[in-house]
Structure formats: C-alpha cells, structure tokens
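Please consult the sequence and the structure shown below while reading.

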Amino acid sequence: MNVQELKHAGLKKWVEEAVALMTPDAVEVCDGTQAEYDRMIKITVDGKLATPLNPEKRPGCVLFRSDPSDVARVENRTYIASEKEIDAGPTNNWIDPKELKKTMKELYTGCMKGRTMYVIPFSMGPVGSDIAKIGVEITDSAYVVANMHIMTRVGAKVLDVLGTDGYFVPCYHSVGKPLAQGESDNGVWPCAPLDKKYISHFPETREIWSYGSGYGGNALLGKKCLALRIASVLARDEGWLAEHMLILKITNPQGESKFITGAFPSACGKTNLAMLVPTLPGWKVETVGDDIAWMKFGKDGRLYAINPEAGFFGVAPGTSMESNPNAMHTIEKNTIFTNVALTADKDIWWEGIGYDAPGKLIDWNGNEWVQDKGNKEQKPAAHPNARFTGPAKQCPCIAKEWEDPAGVPISAFLFGGRRPKTIPLVNQAKSWIHGVFMGSIVGSEITAAALDLKVGTVRRDPFAMLPFCGYNMGDYFQHWINIGKKGDESKLPKIFFVNWFRKNAEGKFIWPGYGENSRVLAWVFERCAGTGKAVETPIGFMPTMDAISRPDGVTDSDMKELLTVDIEGWKAEIADIRANHYPKFGDKLPKELSAELEAIEGRLNNA
Ligand code: GTP
Ligand code: SPV
Ligand code: MN
C-alpha cells in the first residue's frame, strides 16, 4: 500500500512530514501479511545481514549478527524528554524536548537516503481490545519490520480500527546509516555510533523518536518505548498499570486456576517463569505473556491483565530443553535469532543450550569458534544478550485466554531480582502498601540486557521498571499507592517477593530454580486461596518450614537458609535504602513509604 491510500488524514500528514525530513528512496505502508514478512527476510538475506537457517532443522528461521556496539538497550542514551525536568525524575536521563528535537531533526535530515521507509501500523494488545493501543512506527530497517510482525499485530486490520481519525502513538525509527548511490549494507549491520544514538520519549505529546540503533528495545518501538515508557504515563493519567511483568496461569491438581504476574528486572527470569514446567505433580502452568502486562480494573473490582505483545523477544543463552522446553519448542520454526552462534549445518547454538558445541561454529562476531571446555576465559560463542524472536502462538503452553480482549483476573503480583544474599526465597506482604514498599526497594545484580552497565553489581530497580518508567519514579510509587486506594483491598492481587538466586559460600545457587519454582508458585496459589501455611515475621508472611516441599538436592539446612529472615542482612538493606535509595526521590517520596520503612526498621530492631 502506498501513502496516498491512507484514509487517516493525520497519519498521512505525519508520514509525509517524515518523508520530507528523512528523504527515503521509497515509502511503503506495511500490510502485515506473510508475503510481506518473507520479502523483508529476503531483503536482509540479499543484504547479507541475515543467514537463512537449515530448513530441515529450523524451517522459516534466520540468524542476524548485529554490530558489536548494538547488542542491547543503551540506558545512558535513553531519554525522557518531559517539558519539566522534575517530571522525568531522578532515575531517567532528561533533555529539554525542544533542544532534543532540534538535535534529532538534524540527525534525521536525509537519514533514510538510499533506503526504503516502512510505515508499520501496529496494535499493542488484541486488535480492537479496550485495553489495546495503536502505534505507527516508521523505520528504515527490514529487520525491524520482520520483528514487529512477530512481536505485535501489524497491518490492514489495525488501520481499519484506526479509521479516519483514531488515536495512534507516533514512533520514528531510523538506524541512522544513509546509503550513498549504489551502496548497500553488504553484510554490515547498519547503526550509528554510540554518541549519536538516541532513544527518546516525549511524554506530554506521547511521541517516540529513536535513532541510531537497530537492536531490540531500542528499535522495536512497540515494546519498551510504547508499552512501558509511554504507556506508564497513560496509565498514570487514566488510572491503570503498565508493568514490566510476565503473566502466567497456574492450575492446581483439583483443576482450579489463578493468574499471577511477576516483575523481575531484565534477564532475571520472566520468560522462564512464564513457561515453567512444574516439577510438582498435578500442577500446570500456562503462559499469557513473558515481559509486559497492562492491567485495568474490571467491573467486579479486580485487576485484569492483557499481554500487549504477540511474540517473545527472549534471552537465548541458558535456554535449553531442560531449563525451558516450551521456549525451545516455540523457536523450532519461524523465528529470528540475533547474535547466537551458527553451526556447520546451519543450526543455532549458545552457551547453556544443553549440549556441547557441535564442532566448528561461527560465533556472534562472525568468527570461527571451537569450544574449549577447560578454558574459563574463552569468550562465549553467543552474546550473553543474544535473543530469539518467536511467535507466542507457537508456544506449546500458551494459555487459551492469552488473546482475550478483556484480559485475565490477577490474584498475585510477584516482585524479585537476582540477590545472592539476604532476600529469602519468598515472603508475602502484609498489605497493599507493604507490597508497594517491597516493589519500591527491588534490587538486582546487573545483567547483560543493558549495554552500558557493570554486570554483577547490585542496583535498585524499583518494580523492575528503572529503565522503563516514563515519568518521575516518586510519582510512580504514588500511582501504585493510589491504585490500592481505588480498589477494595480484598479484591486486589496479593503481593509477594521472590528470589531464585540465593548463593552459598561456594557461589553456587542454593535453589535449583526453573521448574522447581512451581513449589513456590503453589504456596502463592494457596495463600491466595486462603490455605498456605505461614508465619508472620518482621519482613512479612513467610512459609512455615513444611509449607513448601523440598526439591531433590536441597537439604534441610539449605531450606532453612532460604526461609529464615536474615535480621542483620535486612538491617543493612534497610540502612542502604534509608541512606542511598529513598533520598533520591526527595519530596516525591510518598510519606506512606517512609512510614513503611520506619515500621520495618522497628520490627527488625525488636526481632
Ligand atoms: P528480559 O527478556 O530481559 O526481560 O529477561 P527475562 O526476565 O525474561 O529473563 P529470562 O527468563 O530470559 O532469564 C534470563 C536468564 O536467567 C537466563 O539465562 C535463564 O536461564 C536464567 N534464569 C531464569 N530463571 C532462572 C531460575 O529460576 N534460576 C536460575 N538460576 N536462573 C534462571
Ligand atoms: C529487556 O531488556 O527487559 C528486554 C529486552 O526484554 S529489550 O526488548 O531489548 O528491552
Ligand atoms: Mn524485559
């Protein structure tokens, strides 16, 4: 379809302005068809950016290797350009929107020369759902178009819903690498140098401008940019929640089901938990979403969640038939792999895939690579943030409700992160406000999901939203408190804190994690059902020693360590929050949270 055929005057005008600024050689409106997807893949294969995989082993799959500078989100190039700096808050980068637009307009000028501009109408959420939102991304990357086909709902049906004057979130994207006459990518992943990359959000005008990166959350603008940073602002204004949360359905042996969401920072286990295969006999877990949840109150006063996405952009390393068979089956076909290793017979391989590298590989940098198992210093064959983009409908454990436009009623929220010490396997908040306090203090060891951070150090990542909250985090805490006041607390989800990542003195994980996490989910389920045995402690309700069954290989003393409150560790935790975390929010810190801090401190001192 061409731009002239667009029926929505505002959209047409917006595209025409972008064309005038970015001067592409051609413009195309995407229709979301399989033929279009195949054509995008062909363009990237012809440009030597993609390698088709073995059709016998991975039908419909391709591998991309990105530029080594373009392998993850870039948090220090991500901006919340609100009119006032205070509205971006202490945890976001801010530039005055006028200044930022001026800088970026210069970068955008002529940036699509030699390329085609694709106009992608997409819906976050089932097309036409009350909770869904429409965005339109313009991009000069066929890789982005193909990924958006999998991750969102693209095309003509979205334009139908948009009609002649419907609302859409406008999203600009360019890789920032114009081509000279006759030049082609010819195997070089197009992107701009780090100091020219901008991932910008204008919360008042609800616009997204991204430049210079072709990677994941920087470039697939429906995901973190729209569904979290812009949506969090909409959610604040409209009284709902846009969260970095998986959504799962859990069914007990009696056939009763509940829905649970969980917020863990990037690369801390959302996809794995969402697709978990329970080791507990008779229990079943199914997936609704693996990264983002949008939640609104239903008429019955409960919170209902939808997954705004249509695919999974999951971390590849560590994914195996043992750790996550459902993900492995999802990615058997029609999947885009980015920065994994390539085998001689054109299949994929990565660290933690569950078997040794079969002979000579091509690593994510495009170099020959042979596994040297004795050598701990060997560089990995797959980038630690290598990803697969796979369609959710191919997931064997996808829940039948996953596209229900009304969403699913949520019984529990989990918060967690990677904490080698102090934080127990699970505890339950005493109340909504106590739960909000727990969400506000989430800490986690940094992972490879962001480029510019030091992997392994613990940082506070409130609600797992630190890189994704589109406004002042203090106001965001207040918004969570307000949601609690809006609802009848007995109907709101119960709030839990979990930690799969406790380590022993040898640095080994004490809890086996993955499918064994079902034991913790079962306790959460039982607590929501009013059964589940618990004791009250200074940090909340904790399971009695016999309330969670012990997995093989976990000793009684391990269990004790996982389920005992480390009073001294918690005192240090609270002191750190008092000295370093909460002061960042100044007057924006809700007084209810200071009161919770006082209260927990008092309880720990009396313990
Ligand atoms: P994003 O897509 O970045 O938001 O990540 P995510 O939260 O979905 O994380 P994911 O499930 O992809 O897991 C990231 C890494 O953590 C993988 O290498 C997993 O193998 C590992 N992991 C997931 N769950 C567990 C667990 O229960 N225990 C341990 N030890 N590791 C886990
Ligand atoms: C994350 O980093 O939380 C991701 C990957 O889910 S990205 O889409 O790049 O944000
Ligand atoms: Mn994520």
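**Binding-site residues and ligand surroundings**

In this predicted model, the side chains of His244 and Lys270 form a polar contact at 3.4 Å. His244 is also one of the residues that UniProt, in an unreviewed entry, marks as "binding site", together with Lys224 and Asp291. Although these residues span 68 residues in sequence, no two of their C-alpha atoms are more than 9.5 Å apart, so they gather at one spot. Of these residues, His244 is included in the lining of the largest cavity.

**His244**

- His244 sits in the loop that connects strand 11 (241–243) with strand 12 (246–251).
- The relative accessible area of His244 is 0%; because buried means under 20%, His244 counts as buried.
- Apart from residues up to four places away in sequence, His244 touches a set of residues that includes Lys224 and Asp291 from the annotation, as well as Lys270.
- Further residues touched by His244 include Gly262, Ala263, Phe264, Pro265 and Ser266, and also Ala464, Met465 and Phe468.

**Lys224**

- Lys224 belongs to helix 7, which covers residues 222–238.
- With a relative accessibility of 6%, Lys224 is likewise classed as buried.
- Beyond its neighbours within four places in sequence, Lys224 contacts Arg73, Arg229, His244, Asp291, Ile292 and Phe468.

**Ligand 2**

- Ligand 2 is surrounded by 13 residues, of which Arg73, Gly217, Lys223, Lys224 and Ser266 are the closest.
- A polar side-chain atom of Ser266 is 2.5 Å from an oxygen atom of ligand 2.
- The side chain of Arg73 places an N or O atom 3.0 Å from an oxygen atom of ligand 2.
- For His244, a polar side-chain atom lies 3.3 Å from an oxygen atom of ligand 2.
- On its own, ligand 2 has 290 Å² of accessible area, and the protein covers 98% of it.

**Ligand 1**

- There are 22 residues around ligand 1, and Ala267, Lys270, Asn272, Arg387 and Tyr514 come nearest.
- A polar side-chain atom of Tyr514 is 2.6 Å from an oxygen atom of ligand 1.
- Backbone N or O atoms also approach oxygen atoms of ligand 1: one of Ala267 at 2.8 Å and one of Gly269 at 2.9 Å.
- The protein covers 93% of the 650 Å² of accessible area that ligand 1 has on its own.

Definitions and conventions
Residues are numbered from 1 along each chain as its sequence is written. Chains are lettered from A and ligands numbered from 1 in the order in which they are written. This is a predicted model: local features need pLDDT of at least 70, side-chain atom pairs count only at pLDDT 80 or more; totals for chains, interfaces and linings use all residues. Side-chain values use heavy atoms; hydrogens and water are left out. UniProt positions are given in the numbering used here, feature names are shortened, and annotations may be inferred rather than shown by experiment. On a 1 Å grid over the protein atoms alone, a cavity is a set of points where a 1.4 Å probe fits but cannot get out, and a pocket is an open set with protein on both sides within 12 Å along at least five of seven lines; lining residues have an atom within 4 Å of a point. Helices (H or I, at least four residues) and strands (E, at least two) are DSSP runs, numbered from the N terminus. Buried means under 20% relative accessible area, exposed over 50%, partly exposed in between (1.4 Å probe, protein chains only). Contact means heavy atoms within 4.5 Å. A polar contact is a pair of N or O atoms within 3.5 Å; within protein, one must be able to donate a hydrogen and the other to accept it, and residues adjacent in sequence count only if both atoms are side-chain atoms. A residue is near a molecule or strand if one of its heavy atoms lies within 4 Å of it. Accessible areas come from the Shrake-Rupley method with a 1.4 Å probe; for residues, only the protein chains shown count as cover.
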